[in-house]
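Trainee: Could you take me slowly through one part of this model and explain how its helices pack against one another?

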Amino acid sequence: MGNSEVPAIAVRGLRVVRGRNHVIEGLDLTVPAGQVVGLLGPSGSGKTTLMRAVVGAQIVAGGTVEVFGEAAGSAALRRRVGYTTQAPSVYPDLTVAENLRYAASILRVDGERVGATLADVDLAGFERRIVRTLSGGELSRVSLAVTLLGRPDLLVLDEPTVGLDPVLRRDLWTLFHRLRDAGASLLVSSHVMDEAVRCDRLVLMRNGAILADGTLPDLLERTGAADAEGAFLHLVDQANAAEKGAVA
């Protein structure tokens, strides 16, 4: 696992532009190693764009993004960073086991990891199922299993619990905490505010900017809210009021 003295993620002045739309403008973020950091916010807030920048898959207009002290997307990070997208990243015409064995061969990890990883995501017994026959939640868990195979130091997970029932969501968060306790760092996006209680730290985003960055108790104390959703809404109202005041 990575050196905990070096930040897992260091973003400075990040700018992302699509056409005339400034998706992210001057964003700064530091994510310490060895934590589960929740990236929360509504759809369209810039969460996926930021995550793509972290894994080196996003064209940026300015700023720097480093992972464990290396430029995001560099060859040195290929084995150290795992990324699960919202869209499934597996082959639909192969079985679950075939998908994982193929990924294991690319990652050069022991094929015995396949069974253990499927058990981690509660897919033991699904080895012979053709991927296209799976439900949406099962499909997302196969993608997550592929990401977990190489035991990366940093896991970047974009909405990994979407479409899952409460029991599976709980079990996945238990797995995330177990990975953290083993030394991994996790950046997990969600638009479900009640998942905030499961994170060591929260980064709240809106319109490509960070509204707040801290622990849940800190955010509740700062806003006087009773829960994460209330804190987020309070911060949004503050931001809206400031924007209106600036225009006036």
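Mentor: A crossing is called left-handed if the near helix is turned anticlockwise from the far one by less than a right angle, and right-handed if clockwise. Helices (H or I, at least four residues) are DSSP runs, numbered from the N terminus. This is a predicted model, in which local features need pLDDT of at least 70, side-chain atom pairs count only at pLDDT 80 or more, and totals for chains, interfaces and linings use all residues. Residues are numbered from 1 along each chain as its sequence is written, and side-chain values use heavy atoms, with hydrogens and water left out.

Helix α2 (residues 96-107) packs against helix α3 (residues 113-120) at an angle of about 120°, their axes lying 10 Å apart; axes are lines fitted to C-alpha atoms, for helices over the stretch in contact, and angles run from 0 to 180 degrees between N-to-C directions. That angle makes α2 oblique to α3, since under 35 degrees counts as roughly parallel, over 145 as roughly antiparallel, 65 to 115 as roughly perpendicular and the rest as oblique. The crossing of α2 past α3 is right-handed, and the contact (heavy atoms within 4.5 Å) joins V96, L100 and R101 of α2 to V114, T117 and L118 of α3.

Turning to helix α4 (residues 136-148), its axis and that of α2 come within 9 Å and cross at roughly 25°, which makes α2 roughly parallel to α4. This crossing of α2 and α4 is right-handed, and here V96, L100, A103 and L107 in α2 meet V142, A145 and V146 in α4.

How values were computed
Helix = DSSP H or I, 4+ residues; strand = E, 2+ residues; numbered from the N terminus.
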